[in-house]
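Hello,

Here is the structure I promised to pass on to you. Have a look at it first, and then read my notes below.

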Amino acid sequence: MKKPFLSLAVAALMLGACTQPATHAPLAIPQDKDMEQKIESILRGMTLEEKVGQMTQLTIDVVGKGTSTFHTIIPMEFDEALLDTVIRKYKIGSILNTPGSTPQTREEWTYIISTLQQAAIQETGIPIIYGVDQIHGTTYTRGGTLFPQNINMGATFNRALAREGGEISAYETRAGNIPWTFAPVIDLGRDARWPRMWETFGEDVYLVQEMGRETVVGFQGGNGATVDKNHVAACLKHYMGYGAPFSGKDRTPSYISEQDMRERHFAPFLEAIRAGALSVMVNSGMNNGMPFHANYQYMTQWLKEDLNWDGVIVTDWADINNLYSRDKIAATKKEAIKIAINAGVDMSMDPYSWDFCILLKQLVEEGEVKTSRIDDAVRRVLRMKFRLGLFDNPHWDIAEYPEFASQAYAQAATRAAEESMTLLKNLDNILPLAKEKRVLITGPNANAMRCLNGGWSYTWQGHRADEYAGEYNTILEAFANKAGTQHIVYEPGITYKERGAYWEENTPEIAKAVAAARSVDVVIACIGENSYCETPGNLNDLTLSRNQTELVKALAATGKPIVLVLNEGRPRIIDEIVPLAKAIVHIYLPGNYGGDALANVIYGDANPSGKLPYTYPRYVNSLITYDYKPCENQDRMEGAYDYDAVVSVQWAFGYGLSYTTFQYSNLTVDKSSFTANDEMTFTIDVKNVGAVAGKESVLLFVSDLVASLTPDVRRLRAFDKVELAPGETKTVTLKVKGSDLAFVGYDGKWVLEAGDFNVQVGSQMLKLNCPVAHKWETANR
């Protein structure tokens, strides 16, 4: 049944219904009365088939065949029969992914999406919403700007860079007619083994919530009420607790207490929702035996009702199917659909079958899913489409985006990569290097764009990045450009198996690298990991590969100074070779401009200012986060029993060196005694006492000395980044609310208890006192 939108829009003017969730909380995102009237008008005119279609998301390969070669100019071939089935028969409201797992040009994206939009509007008058995982820039749009991965952005401790990255990514995503990105990832990276560590901003809740919020604002351009043509809808993922699997492996169970879930894992989502995020994607795993896709408490109560949030909850890939096929809480797909929709899911990323439409329709007709729940979900989907302007402009001309892949965007990505690089060791100030030094570039990560970018780079696993990113510089190429080929020698010693698993390496040729080292002044060993993503990135041993370890040992035996470059998505154990290196630079996954940024850092054209966004472990059985409990750092007990629980780490959260030295002094606070309603203003003087300009991330930690639940040893509560010329002093101001020092008690309630607190910024410390306790009766502060 064809229903042109214009007739519905006119009819909407006659209606005054404006639905909101039944809650006392203010709306998380402002609503527009006229928009709500239009939504109600459309909803009233929709059939049940049309409604369940709006709640369904299928992958693009269901309706056609994508191209799979780099040099093709042939657009995607639609299967007209399947297109008719998907759009006209089942009236699917959302499509995702890239054809044939291949990145598209802007022109190809425009053809694909405009074809789908024309078919959808002709059939129902309702545009589809197309979503893609643009994780670190325009992941799936060829020619666009790829930024460093989130873990790098966390290491910058620079909110402005996070927002700028979001803005540029949004603009370039829209340039390809894509209005919805499945980003940012705001999980906490609490387990170094986890293969999605690099997709997070780090292990700390405050760091993640701050960088996550700024990215959301960058993506959406405002509070979410309306999103203009230069911005996209954000999708927060993965709601929630996804970064703390008990096994360390992807999509495996977590065992997180309700206190920890509320205080830590929920907090970044709360912050981003309050910033206007339009959608949320659910964690694929389970917690304490309950799959998140079946959790009414977390999806409906915590997110929708408590926050009065009117956005969209979408599943992750095939996760309703997993409720019966993997998690065994349902006997059939139909029962799984019933559980998930009633728990609060609004859209199912099925992604290959339209039987979701058939089965959900049956469930409504049988009374197993209420019409009111369907209408609520469809309102949310329609609302997001209206807020994105898709009813007025379902597709657009790429000529409206002249800044796509501009030089300014490339410079922004380079700056982000430079600020993320973390100097972990620099004995005898071996860095920066003089350009006339003769340098051996070695290691498996030295000459591959795949390693610099990681997963979600042109393809899911990032394995074709060298094919699509050939115009950018690997580490080897960037060093040759910077110092001149006459000063660079290349002998990798170890290489990755091109068509193997991410961890597979070819037969080592260490002797060749050792021979090459004898003729150079300095060895730069580029080690770490090949690209991977999600479950294929699971591992059984966090230790760096034996081949790479032996390569570094053999090179060190030559007596030549070694500079280690760590190019890895998670912290691999390298304790055995750390003493062998004169300098160590952690570059994480810095993106297409990472080679250039590293060359700038190594040769002193950029001063490293990154700080570790996670705790770097020393041993595989001593994994810990910086905000541990006091008993995890205890000395040996007196008497007959030896409970030695001292945990040794390689480098602490927030650690990072510079080519200059910063001196902290004069830490002050305007209120040494505070209540829950107060805001404290801290000031500290930071001086650059070195000879070169530099940037310093100033981190403020607070320790609750005594509490009714054992407190963490310390928590990051504020940070800022400052740039200082040699000899320059700046006063940095940091603000902390009294309520920020509350915690979730054993009863699940937020509480600020009376007592003493220690504050530390650099080497400076002071004490605070809270004389009056306060408990919140609301779910959130």
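Let me start with the core. The largest nonpolar core has 244 residues, and among these Leu-360 and Ile-524 touch the most other members. Such a core is a set of buried Ala, Val, Leu, Ile, Met, Phe, Trp, Tyr and Cys residues joined through side-chain atoms within 4.5 Å, where buried means under 20% relative accessible area, exposed over 50% and partly exposed in between, with a 1.4 Å probe and protein chains only. Setting aside residues up to four places away in sequence, Leu-360 touches Val-52, Met-55, Ile-337, Ile-341, Val-369 and Ile-374; contact means heavy atoms within 4.5 Å. In soluble globular proteins, nonpolar side chains tend to be buried together.

A word on what you are looking at: this is a predicted model, in which local features need pLDDT of at least 70 and side-chain atom pairs count only at pLDDT 80 or more, while totals for chains, interfaces and linings use all residues. Residues are numbered from 1 along each chain as its sequence is written, and side-chain values use heavy atoms, with hydrogens and water left out.

Now the overall picture. The protein has 22 helices and 30 strands, which are DSSP runs numbered from the N terminus (helices: H or I, at least four residues; strands: E, at least two). Its radius of gyration is 27 Å, close to the 28 Å from the globule rule for 781 residues, so the protein is as compact as a globular protein of that length. That radius is taken over C-alpha atoms, and the rule is 2.2 Å times the number of residues to the power 0.38. The C-alpha atoms fill a box of roughly 80 × 70 × 50 Å along the principal axes. Of the 781 residues, 63% are buried. Among contacts between residues at least 6 apart in sequence, 78% join residues at least 24 apart.

Next, please find helix α10 (residues 267-274). Six of its eight residues are buried, so α10 is largely enclosed by the rest of the structure. The buried ones are Ala-267, Pro-268, Phe-269, Leu-270, Ala-272 and Ile-273. They pack against α8 (205-220), β7 (235-239), α9 (258-265), β8 (279-282) and α11 (296-305). After α10 comes Gly-276, with a positive phi near 105 degrees.

Beyond residues up to four places away in sequence, Thr-215 touches Ala-162, Gly-166, Pro-184 and Phe-201.

Six bridges join β21 to the antiparallel β22 (residues 679-688), and Phe-662 has Asn-688 in β22 as its bridge partner.

Finally, take a look at Val-759 in strand β28 (residues 755-761). Is Val-759 buried or exposed? Val-759 is buried, with a relative accessible area of 0%. Leaving out neighbours within four places in sequence, its contacts include Leu-667, Phe-682, Leu-700, Phe-701 and Val-702. The C-alpha atoms of Val-759 and Trp-317, 442 residues apart along the chain, are separated by 44 Å.

Definitions and conventions
Two strands pair if DSSP finds at least two bridges between them.
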